[in-house]
Amino acid sequence: MEHLKRIAKYFFREELTIRHKLVNVILGSALLVQIPGLIVTIVVGTSMAGLLVQVLMTCIIAFILYLVNKFPESPIPPLLITTIANIIIFPVMYFLCGGARTGMIIWMLFGSIFTWLLIDIKWAVIISVINFVMLNGCLRIEEHYPQYVQYLDTRNDEIMDTGMAFIFVTVIFGMIFKFQTYSYEKQARTLRESDEELRKLNEDLEEVNIRLASASEAKTTFLANMSHEIRTPINAVLGMDEMIIRECQDKQILEYANDIDSAGHQLLALVNDILDFSKIESGKMELHPVEYELFSMMNDCYNMIFMRAKRKELEFIVENDPEIPAFLYGDEVRIRQIIMNLLTNAVKYTKDGQVKVRFDHEVIDDEHIRLIVSVKDSGIGISEENQKYLFDSFKRIDEKANRNIEGTGLGLTITKKFTDMMGGQIRVDSVLYEGSTFTVEIPQKVADKGTIGNFAERLNRRGEGGGKSEKEAKEAEKRDKFTAPRARILVVDDVKMNLNVVRLLLKNTEMQIDLASSGDECLKYTLMKRYDLILMDHMMPVMDGIEALHKIREQATGLNAETPVVALTANALVGAQEMYLEEGFVSYLSKPVKSADLEDCILKLLPEDKIVRENNG
Ligand code: ADP
């Protein structure tokens, strides 16, 4: 019994196809049938030749059974068995075992049908046609030359043989069909089960997807909130520090203050990078194209990098194609960010030698050019292997070698995303220990046909930047442009330190400044006094800036129904500006605010008769 089970297991093992299992069933059954067949043959006593054929058949079946299981992948054994059975065994048996009067025609029919079950349709058709010809041939030969047929001894033997053939063939087909039905049912059950499993898996995946999406949403909100929270204190730190730089005469303290200023700006840049990254990740990053002057942008980059390069004793060179159009139309802020990222990296990752930036252009059509900026350094370079990962988020190459160089691995990711968003391209050419060249190509609209000329010459002519240190440039920025002693302004912010920062930043304008630390306090002031301008924080407890603005407009005295109100807030999210303008603010300043921006904004909004300009007295 154990043996039988093991044999059955072997013949129906998992890796076999249904067709192969079927071949096993047929050959196995044929073998089983052969044994009683042999006994019957001996009992009824056919000729010696008949007996030999029966023995030969048993051997052939056993051999093919062996082949089928030895080479389960091969289509040849099934083809072999059908061909041998139909073309050799059955016709020979026809003549040796009693011809048409016995069960031979039933066997030949069986051979023909199982051909269709076992082999490809093309071969099955061919063998069936041959079968048909063979059967016809056998019947006709028997008709005309009955002496070639070895008939059984009695009519009773012939009837018994026919009966046996009928029973065996019925049993074999019965088993085949049963087996096929069983296999298909099993397969269908497995399919149903795996279908169910897949459905469950899909449901689980959907759930995971929803959870991931909400986690990513939560991450974006968290990053945005965190950046807001960090910007608020940086605002205070940088604002106070600026006051120290402006007013302090002590050289040592000025040095400390300058360090605070540079560290503060570094921190701010980091927060901005994280904010940009989260905006890009959530698909909320938008471009804001404007008309801009290329020279001014190049000059900004030059001023910002010049001192850093000088501190590391690196030569910093700016070259350009003088034929680039002077005025372009595109997202100036993001293009500057791209160039600055590349330049900052070039300086960061270069110990000695030079950093060179070159501006070129290619004409696309009458109205568009491709701005090509390449930043070349003689720094540590990047191996070919590592160049592949350069633009992956948070990926810092060669962490060990660069461990003393600060960075988050976000700069190039953001740079690449911005370049993609603008329909541009970025590429890198680098040789380890020799240096790198990063090249960006960004399509830009031409705003004016005039050309930029040679940057270095213009710089020298104007005596700007190159002749000036970073500190001197800052001093120039800080210069008070106006006073407005008759102007009244109200600043609203729940953080006392921020109120002080704004007050101190505007000290030299001599304006009359009131400070309110809540929406309620603000409403008390606006009920009694008319202001020329109100600077309003957004996020405040109890009553936020937007509600306060709406209430100011509805106050009974109507003193400030028309007063321009500027949103002064750390909310730097996408769409913030539009939202504030829609709510009724006239302008928007993002914290930490620079005194120059603040003064510019105030200058634009104050009534002209209250402004006393320094230049024209
Ligand atoms: P990080 O904040 O680390 O500088 P980036 O995304 O700007 O992040 O750069 C990713 C990595 O690419 C850096 O950590 C550095 O290994 C490598 N890299 C970028 N620019 C240069 C360069 N000019 N020379 C050598 N390596 C560079």
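Student: Is Glu313 buried or exposed?

Tutor: A word on the model first: it is predicted, local features need pLDDT of at least 70, side-chain atom pairs count only at pLDDT 80 or more, and totals for chains, interfaces and linings use all residues. Residues are numbered from 1 along each chain as its sequence is written, and side-chain values use heavy atoms, leaving out hydrogens and water. Buried means under 20% relative accessible area, exposed over 50%, and partly exposed in between (1.4 Å probe, protein chains only). Glu313 has a relative accessible area of 71%, so this residue is exposed.

Student: Where does Glu313 sit, and what is its phi?

Tutor: Helices (H or I, at least four residues) and strands (E, at least two) are DSSP runs, numbered from the N terminus. Glu313 lies in the loop between H9 and strand E2 (315-320). Glu313 is not a glycine, yet its phi is positive, at about 55°.

Student: Which loop holds Glu510, and what is its relative accessibility?

Tutor: Glu510 is a residue other than glycine with a positive phi, near 60°. Its loop runs between helix H15 (496-505) and strand E10 (512-516). Glu510 counts as partly exposed, because its relative accessibility is 48%.

Student: What radius of gyration does the chain have?

Tutor: The radius is taken over C-alpha atoms, and the globule rule is 2.2 Å times the number of residues to the power 0.38. For 617 residues, a compact globule would come out near 25 Å. The C-alpha trace here spans about 140 × 65 × 50 Å along its principal axes. The chain's radius of gyration is 46 Å.

Student: Which residues have the most contacts inside the largest nonpolar core?

Tutor: A nonpolar core is a set of buried Ala, Val, Leu, Ile, Met, Phe, Trp, Tyr and Cys residues joined through side-chain atoms within 4.5 Å. The largest one has 51 residues, and its largest share, ten residues, comes from helix H9 (residues 294-311). A second, separate core of 41 residues includes Leu27, Met93, Met108 and Ile127. In the largest core, the residues with the most contacts are Leu294, Phe316 and Leu343.

Student: Which residues are in contact with Leu294, leaving aside neighbours within four places in sequence?

Tutor: Contact means heavy atoms within 4.5 Å. With those sequence neighbours set aside, the partners of Leu294 are Ile324, Pro325, Ala326, Leu328, Leu371 and Ile452.

Student: Is Asn235 buried or exposed, and which residues is it in contact with beyond four places in sequence?

Tutor: Asn235 is part of helix H7 (residues 155-247). It counts as buried, because its relative accessibility is 3%. Leaving aside neighbours within four places, the contacts of Asn235 are Asn498, Val501, Lys591, Pro592 and Val593.

Student: How many Å separate the C-alpha atoms of Lys284 and Val373?

Tutor: Lys284 is in the loop between helix H8 (251-281) and strand E1 (290-293). It counts as partly exposed, because its relative accessibility is 41%. Lys284 and Val373 are 89 residues apart along the chain, and their C-alpha separation is 26 Å.

Student: What share of the contacts between residues at least 6 apart in sequence joins residues at least 24 apart?

Tutor: For the overall picture, the chain has 19 helices and 14 strands, and 44% of its 617 residues count as buried. Of the contacts between residues at least 6 apart, the share joining residues at least 24 apart is 73%.
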